[in-house]
Amino acid sequence: MKIILVVLALLLVIATALPFLRFDQWWIRVFDFPRGQITIAGVVILALYLYFWDPHRVYESVALGLLVLAVGYQVVKIFPYTVLMPKQVLTAEAHSNDANLRLLVANVLMDNRESQAFLDIVREYDPDVVLTVETDQWWEETLRPLEEKYPHTLKYPLDNTYGMLVYSRLEMIDPEIRFILKDSIPSMHMQVVLPSDDRVFMHFVHPDPPNPKHASETTERDAELLIVGREVEKRDKPTIVAGDFNDVAWSYTTSLFQKASGLLDPRVGRGMYNTYNAKNLLLRWPLDHVFHTDHFKLVRMERGPAWGSDHFPIFIELSLEAGAEAEQEEPDTNRTEGEQVDEKIEKGKQHPVD
């Protein structure tokens, strides 16, 4: 039993240590994802280990020390996404509906055919803007009823799981489909006009996942997110960046993206809002994100119900408030992090593409 516990402890330590390697191979980066699961497993192993531990055996004590460090590190990484952490985005108290924006983000799972269930979710949340990813031609045709209420659209259906559709009842200004690094992966960019006549920039992305079926390295995923982040940082206007990042909130890349862009994460201090995998209770983490500038405060944020996709939808309502910037501190890069952002972007641009 002791040998088994030592082996399990060392495996957990390795799983914790691998993401420290700044390599882009998928089998390293994938260990960014299950930090909550590793933490729970580590606590269980630690409890059993302490019960059987013989302090006179040096190798047992060394393994125990490493296990404690690993569990402690995992806790530190996920702690910001608990209610024990101060909120990064303040809650809107008195707000004007004319300056609110309601967004629904959903990865539909391309082969899923439960379209009516999704239409029911849209009807329930009544968002101003709907973003769907993994949408092919079948989904584009099936979701056309949305256009009665959402006349402004931007569409690029694809059968490679990277199709994207946007429906808005707010007027779109300068809608644009870009292929930032790959001809097979679109992203969508626009401004929308609120009833208050304020304009909000919106960027929707869905880069490659760290999966050998799609990408053996995360080079292009990381670079795409950081390119958008740098664009947002230069603008200093009300902005939202959302989509299926195929990355978790606590990864090093997402942290760099947030600092490079200066965007806030409304989950900090509120919860993880795990959106994937809706079909597996044990393996869930936050892949679908909504980041925004400090011009907004949060009215409401919810993870929607399971409805047939392997992702839960995410709904958010934000309030554009004068003076909110002075009350909320945006993240920023230090010199070293800024250089790392530049290096990752350059590496992504030089990486082989489609």
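These notes cover the cavities and salt bridges of a predicted model.

1. Cavities. Searching the whole structure turns up 2 cavities of 30 Å³ or more.

2. Largest cavity. Its lining consists of Leu 181, Lys 182, Ile 185, Pro 207, Asp 208, Glu 220, Arg 221 and Glu 224. By class, that is 3 nonpolar, no polar and 5 charged residues.

3. Second largest cavity. Lys 2, Leu 5, Val 6, Tyr 49, Phe 52, Trp 53 and Glu 60 form the lining. Helix 1 (2–17) and helix 3 (35–52) are the elements that give two or more residues to it. Helix 1 gives the most, with 3 residues. The classes here are 5 nonpolar, no polar and 2 charged.

4. Salt bridges. The count comes to 29. One of them joins Asp 126 to Lys 149, with the closest N and O atoms 2.6 Å apart. Asp 126 sits in the loop between helix 5 (115–125) and strand 2 (129–133), and Lys 149 in the loop between helix 6 (137–142) and strand 3 (152–156), so the pair ties together parts 23 residues apart in sequence. Asp 126 is partly exposed at 25% relative accessibility; Lys 149 is partly exposed at 45%.

5. Network. Asp 126 and Lys 149 also belong to a salt-bridge network with Asp 128 and Arg 169.

6. Two further pairs. Glu 147 meets Lys 155 in a salt bridge at 2.4 Å, N to O. Glu 231 and Arg 235 pair at 3.2 Å, N to O. Those two residues are 4 apart in helix 7 (residues 219–235), so about one helical turn separates them. Glu 231 is partly exposed, at 25%, whereas Arg 235 counts as buried, at 18%.

How values were computed:
Residues are numbered from 1 along each chain as its sequence is written. This is a predicted model: local features need pLDDT of at least 70, side-chain atom pairs count only at pLDDT 80 or more; totals for chains, interfaces and linings use all residues. Side-chain values use heavy atoms; hydrogens and water are left out. On a 1 Å grid over the protein atoms alone, a cavity is a set of points where a 1.4 Å probe fits but cannot get out, and a pocket is an open set with protein on both sides within 12 Å along at least five of seven lines; lining residues have an atom within 4 Å of a point. Grid points are joined across faces, edges and corners, and a volume is the space filled by probe spheres set on the points. Ala, Val, Leu, Ile, Met, Phe, Trp, Tyr, Cys and Pro count as nonpolar, Asp, Glu, Lys and Arg as charged, and the others, Gly among them, as polar. A salt bridge is a side-chain nitrogen of Lys or Arg within 4 Å of a carboxyl oxygen of Asp or Glu. Buried means under 20% relative accessible area, exposed over 50%, partly exposed in between (1.4 Å probe, protein chains only).
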